[in-house]
Amino acid sequence: MAPNSSIFLSNGTVLLHDRLDNINPVKADVLIIDNKIAKIAPSISPPSDATHLDCTGKLLAPGFVDTHHHLWQTQLKGRHADDIFIDYMVKGPFELSKKTYQAKFSSGSSVYSFFSPEDMFWGQMGGCLEAVDSGTTTVVDHAHMNYSAEHSSSALSATVASGIRSYFCYVPVPHAPATSLAPFEYGTNKAEWAASQLEDLAARQPFGDGRVRLGVAFDAFYLPKEFVVSLYERARGMGIKLFTTHYVQHALFGPRSFVKILHSCGLLKDDILLSHANNALPEDAELIVANGAHISSTPGTELQVGLGYPVSFRPDLHDVASLGIDCHSSSSGDMLAQMRIAVQNARGLFNQPFVEAGKAPRSLDITALQAFNLATIKGARAIGMGDEIGSIAEGKLADIVIYDAESPSMICGAEHDPVAAIVMHASVRDVDTVIVDGKIRKQGGKLVAVEMESTMAAEGKMEWRQIAAKLSQSRSRLEETLKTVDMESARKAAAQVMYVDEQNIVDHQ
Ligand SMILES: [Zn+2]
C-alpha cells in the first residue's frame, strides 16, 4: 500500500455505535488514511491529495460482516430454488463438485472434481463480488472447495484479488472425491496434501495486505478424538484464530452434538464459530455461551432446506449470534435480505402464540436495530474482530458502506431512522459506494474493476461484465457434465458421506 493514501468523505450522516450498541446518526466528515478511519468530526480539512467523495444525502454505515458463506458456488445459482437439504447437497457441494474433471494441476493426486481450479477461481470471484456489491466487507468463508490443493489456492487467490476482507477457513479433512459417475461412488481421500497445505498457508498468512486471514473449517467429527484434538491444537499452534463448524440438531444427522464433542475434547473456546445452530439443545446453548463461542445464523437457507427455525433471536443464543449467507447459490447473497428474513421470521415466531391463544401482543420485543447489529458489530465480535471492524470509529479499519439516502426506497425513511431504512427498506441498488480496508471497491453504484495480477486465472484489470462472461462460460461447461450423472446413486452416496439417517426422510402426509 502506498504511504498516506487518503479518502475524504464529506457531509454524510454517519451511523456511530455507542457502548451499548445503540446507533447515533451524526452529520460529520470522515477521513480515511491508508486502511484506517483516522478522524470523524463535524468539519475536517483533508490532505490536498485525498480522494474526495461528497456524501451529502448519503448514509455512512459499517460494512456487513457475513459469518458463514461458501463463496465458490456462483455457477450453481438458480439450481436450488426448490431444493430441500439432501437435494441441495446432491446437486451442490457433493455431486456437482466431485465428478469427471480430473484435476490436472493436482501434482500427482487423482482427485476428481466437477469444478476445475479455474472454475473455482471464477465461482469464488463471483461470490466475493456479489458480497462487495451488496455492502458486505468481511466474510467468513467455509472454504469447502478443496478437492485439491490447486482448487483451494485458486479460490484463495480470487478472494485476495476481489478486495474483500475474509477469513478463508481451510478444510483440512476434505470429503472423499467421486470415483465413478454412473453408478455414483465416492472413493477414499486421505488427503495428506491438505495437512501440508494448511501448514504452508498458515506460515504465509495473512494475505492481501492483511485483509485475508486463514481459519479452519472442520466438520469431520466422526474421526477419532485424538486426531481431532491434535488437529485443533496444531492449528492453534500455527496461529489460526478462527475455527468454524456446521452444527445443527436434526433427525437427518442423528442425536450427536458437535458442541458436546468439542466441549468433551476441551476444544470449545472463544475461537469457535458454529454455523446454523438450529434446534440447539438448551444445554448446548449454555455451553456455547459459557465458553465464549459464537454462532452464525443463516435464515435464508435454513428456512428453505428444512433445518428448522433460525435462532439468531433466541433468548439463550442472541448474545453470541451473528448472521451469514451460507449459499449464494440458493439464497440471496446480500446481508440486507438476511437481516430482513431474520427479524421478520423471529417476529412471526414471537407473535404466533398470541395469535393461537386468541390474543394480541402489546408490543414487539424484537427490533430492527438488533438485526442491524447482528449483521455488523456482533458479526465482528463473533470472529474476534470486534475491536477492528463492525462499526465506524476512529482507529478502526476503514470498512464503510455509503447508502443513497435519497433513492425511491430510502427517501424519508433514512431521515427519520437510518437503521430502520437500511434494515427494512434498502436494497443492493441503494449501496452506492463500498470501501474495504481503505480502498474503494464500489463507487457510484458500480463495482470497480478488479486487478487480477498474481492470480492464477487471469491478468490485468477486469470489469464486472468481463468477469460475468467468464462465469457464464464456466457454467455452460459444468452443465454438460451434469447431464452424465446418475442422480439416484449420487443422492444415496451423498447421504452416506453426510452420515444422514435416510429412515427419517419421509413424504408429505
Ligand atoms: Zn454452510
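Asn279 is placed in the loop that runs between strand β13 (272–276) and helix α7 (282–290), where helices (H or I, at least four residues) and strands (E, at least two) are DSSP runs, numbered from the N terminus. Although Asn279 is not a glycine, its phi is positive, at about 60°. With a relative accessibility of 36%, Asn279 counts as partly exposed; in this scheme buried means under 20% relative accessible area, exposed over 50%, and partly exposed in between, for a 1.4 Å probe and protein chains only. The model is predicted, and therefore local features need pLDDT of at least 70 and side-chain atom pairs count only at pLDDT 80 or more, while totals for chains, interfaces and linings use all residues. Residues are numbered from 1 along each chain as its sequence is written, and side-chain values use heavy atoms, with hydrogens and water left out.

A positive phi of about 60° is also found at Asp209, which is not a glycine. Asp209 lies in the loop between α4 and β11 and, at 55% relative accessibility, counts as exposed. The loop between α4 (192–204) and β11 (212–217) also holds Pro206, and the peptide bond leading from Gln205 to Pro206 is cis, with omega near -5°.

The chain as a whole comes to 15 helices and 21 strands, and buried residues make up 59% of its 509 residues. Among contacts (heavy atoms within 4.5 Å) between residues at least 6 apart in sequence, 71% join residues at least 24 apart.

The largest nonpolar core contains 108 residues, of which Tyr232, Met339, Tyr403 and Ile422 touch the most other members; a nonpolar core is a set of buried Ala, Val, Leu, Ile, Met, Phe, Trp, Tyr and Cys residues joined through side-chain atoms within 4.5 Å. Helix α2 (residues 117–133) gives the most to this core, contributing eight residues. At least three residues of the core are drawn from each of domain 1 (6–62 + 400–450) and domain 2 (65–381), the bounds of which come from an automatic or database domain assignment. Apart from this core lies another, of 18 residues, among them Leu9, Leu53, Ala398 and Ile402.

When residues up to four places away in sequence are not counted, Tyr403 touches Gly57, Lys58, Leu59, Ala61, Phe64, Leu336, Met410, Ile422, Ala426, Asp430, Val431 and Asp432. Ile422 is one of the buried residues of helix α13 (residues 418–425), together with Pro418, Val419, Ala421 and Val423. The N-terminal end of α13 is capped by Asp417, a side-chain oxygen of which lies 3.1 Å from the backbone nitrogen of Val419.

Helix α2 packs against helix α3 (residues 149–162) at an angle of about 30°, with the axes 8 Å apart; axes are lines fitted to C-alpha atoms, for helices over the stretch in contact, and angles run from 0 to 180 degrees between N-to-C directions. On the α2 side, the residues that meet α3 are Pro117, Glu118, Met120, Phe121, Gln124, Met125, Cys128 and Leu129. Their counterparts in α3 include Glu150, His151, Ser154, Ala155 and Ala158.

Thr136, found in strand β7 (residues 136–143), is buried, with a relative accessible area of 0%, and it touches Phe64, Asp66, Ala131, Ile164 and Met335, not counting residues up to four places away in sequence. Ser257 lies in the loop between β12 (243–247) and α6 (258–264) and is likewise buried, with a relative accessible area of 5%. Beyond residues up to four places away in sequence, Ser257 touches Tyr247, Gln249 and Asp284. The side chains of Ser257 and Asp284 are joined by a polar contact of 2.7 Å, a polar contact being a pair of N or O atoms within 3.5 Å, of which, within protein, one must be able to donate a hydrogen and the other to accept it, with residues adjacent in sequence counting only if both atoms are side-chain atoms.

Arg475, in helix α14 (residues 464–482), counts as partly exposed at 37% relative accessibility. Arg475 and Trp122 are 353 residues apart in sequence, yet their C-alpha atoms are 9.9 Å apart in space. Not counting residues up to four places away in sequence, Arg475 touches Gln75 and Arg79.
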